[in-house]
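Reader: I have a new model open on my screen and would like to learn how to read it. Could you walk me through it?

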Amino acid sequence: GVSFAARGEGFVTYSTLGNLVGRQYVHSRVHHALVAAFAALHTATPDRTFVLGETGLKAGGRVPPHRTHQNGLSVDIFMPVRDAESRQTMMPTAPWNKFGYSLEFDRNGRGEGLTIDFDSVAELLLEIHRQAGLQGLAVERIIVAPEYVDRVLSAKAVRIRELGPQFMRKRAWVRHDEHLHIDFRLLPA
């Protein structure tokens, strides 16, 4: 596995501690795709910074409490959000809110004084999809709260509909309202 830096162009990790204890390792292709996607989006919108959540362990294996994240091909990215004045801001991740994982958003994407920016979610997913293809990967599955799927698919970036089949529409074992989960698949050489 390859670890992410605690911050890079267009992204920060959810927790310096989580990064230091080794909960942000991925397959090298996934690493390249995400770093390139974050950088490309940052070039387009310099004031937007994405928050990378948990990914996996260096040698793989179970990462409690996740059911996946075992082979370097799964990542969590916190939802891009806007504040009360509609300015882009980062999802708050701190020990007292379980590093962002215990934040709650309603079915309209509002909570904690923030609003999920579904257009930015779509742009992020499209750029990750593009960069994944360049790295010999495919986006296999995307998990968000089921009530958010149609909101993402109806974003301004119309091409997001290409990824419609990758969205899981049933409820996951934990609600994915504050973060999105992406599973990648390695493509044949």
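Reader: In which sense do strand E11 and E12 pair, and over how many bridges?

Author: Strands (E, at least two residues) and helices (H or I, at least four) are DSSP runs, numbered from the N terminus. Two strands pair if DSSP finds at least two bridges between them. Here strand E11 (residues 137-143) pairs with E12 in the antiparallel sense, over six bridges. Within that pairing, Val139 has Phe184 of E12 as its bridge partner. A word on the source: this is a predicted model, where local features need pLDDT of at least 70 and side-chain atom pairs count only at pLDDT 80 or more, while totals for chains, interfaces and linings use all residues. Residues are numbered from 1 along each chain as its sequence is written, and side-chain values use heavy atoms, with hydrogens and water left out.

Reader: Which residues of strand E6 pair with E12, and over how many bridges?

Author: Strand E6 covers residues 74-78, and its antiparallel pairing with E12 has five bridges.

Reader: Why is E12 described as largely enclosed?

Author: Buried means under 20% relative accessible area, exposed over 50%, and partly exposed in between (1.4 Å probe, protein chains only). Strand E12 (residues 179-186) is largely enclosed by the rest of the structure because six of its eight residues are buried. For the chain of 189 residues, 50% count as buried.

Reader: How do I read a helix, say H2: what is its reach, and what is expected?

Author: The expected span is 1.5 Å times one less than the number of residues. Helix H2 (residues 28-44) has 17 residues and reaches 25 Å from first C-alpha to last, close to the expected 24 Å. An α-helix has 3.6 residues a turn, so residues three or four places apart point the same way. Among the buried residues of H2 are Val30, Ala33, Leu34, Ala37 and Leu41.

Reader: And is Leu20 buried or exposed?

Author: Leu20 has 67% relative accessibility, so it counts as exposed. Leu20 is in helix H1 (residues 16-20).

Reader: What is the order of the open sheet with four strands?

Author: The order is E8-E7-E10-E9, with antiparallel pairing. Strand E8 (88-89) and strand E9 (110-111) are the edge strands, each pairing on one side only. Strand E7 (residues 81-82) is joined to E8 by two bridges, and Val81 stands opposite Thr89 in E8.

Reader: How many helices and strands does the chain have?

Author: The chain comes to four helices and twelve strands.
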